[in-house]
Amino acid sequence: MLGGKKEVDVQDTNSLEIDELANFAVSEHNNRQNSLEKMNLSKVISCHKQVVSGLMYHFVLEVEQGSQPKQYEAKVWVKPGGASKKLEEFKPKDA
């Protein structure tokens, strides 16, 4: 459905693409920050995908920074054909 969000089953054992995109989001965020303390992905809490010019993935992620788990929302845009991807947004959940 063009423009509408569709929930992705993150418990699916075939969710390698989702795991890769979630790790990409955390890695890109770490690269953009000027901090020695990097975030590590703990788990994907939820994911929705939206058909745009390509696909937009909307994540809720649990990450660890230090010893504290925190939740973040991230948006990753994947160009048509999957040739490239871009982190569009990464922010604390409920911020």
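Predicted model: local features only at pLDDT ≥ 70, side-chain atom pairs only at ≥ 80, totals over all residues.
Taken along the principal axes, the C-alpha atoms fill a box of roughly 40 × 25 × 25 Å. The radius of gyration is 13 Å, which agrees with the value near 12 Å that a compact globule of 95 residues would have. Of the 95 residues, 33% are buried. The accessible surface comes to about 6,100 Å², and carbon and sulfur atoms account for 45% of that area. Among contacts with a separation of 6 or more, 43% are between residues 24 or more positions apart.

With neighbours within four places in sequence left aside, Val76 is in contact with Leu21, Phe24, Ala25, Leu55, Met56, Tyr57, Phe59, Lys85, Lys86 and Leu87.

Several of these names return when the aromatic rings are considered. What is the count of aromatic pairs? The count comes to two, with ring centres required to lie within 6.5 Å. In one of them, Tyr57 and Phe59 are stacked, with 6.2 Å from centre to centre and 20° between the planes. Tyr57 and Phe59 are both buried. The rings of Tyr72 and Phe90 have centres 5.1 Å apart and planes at 25°, so this pair is stacked as well. The cut-off behind that assignment is an angle under 30 degrees between the planes. Tyr72 belongs to strand β4 (residues 68–78) and Phe90 to strand β5 (residues 85–92), so that the pair links distant parts of the chain, 18 residues apart. Tyr72 and Phe90 are buried too. A further ring takes part in an arrangement with a charge: the charged end of Lys85 sits over the ring of Phe24, 5.1 Å from the ring centre.

Gly4 is found in the segment before β1 (5–8). Is Gly4 buried or exposed? Gly4 counts as buried because its relative accessibility is 16%, and the limit for that class is under 20%. Not counting residues up to four places away in sequence, Gly4 touches Lys49, Gln50 and Val51. The C-alpha atom of Gly4 is separated by 16 Å from that of Ser46, a residue 42 positions away along the chain.

Asn30 lies in helix α1 (residues 16–32). With a relative accessibility of 11%, Asn30 is therefore counted as buried. Leaving aside neighbours within four places in sequence, Asn30 is in contact with Lys38 and Met39.

Gly66 is placed in the loop between β3 and β4. Gly66 is partly exposed because its relative accessible area is 47%, where the class runs between 20% and 50%. Between the C-alpha atoms of Gly66 and Asn40 there are 9.0 Å in space, against 26 residues in sequence.

Glu89 lies in strand β5. At 26% relative accessibility, Glu89 also counts as partly exposed. Apart from neighbours within four places in sequence, the contacts of Glu89 are Glu73, Ala74 and Lys75.

Note on methods: Residues numbered from 1 in each chain as written. Heavy atoms only, no water. Phe/Tyr/Trp six-rings, centres within 6.5 Å; stacked < 30°, edge-to-face > 60°. Buried < 20%, exposed > 50% of the residue type's maximum accessible area, 1.4 Å probe, protein only. Helix = DSSP H or I, 4+ residues; strand = E, 2+ residues; numbered from the N terminus. Lys NZ or Arg CZ within 6 Å of the ring centre and 35° of its normal. Contact = heavy atoms within 4.5 Å. Rg over C-alpha atoms; globule rule 2.2 N^0.38 Å. Areas by Shrake-Rupley, 256 points an atom, 1.4 Å probe, with all protein chains shown as cover.
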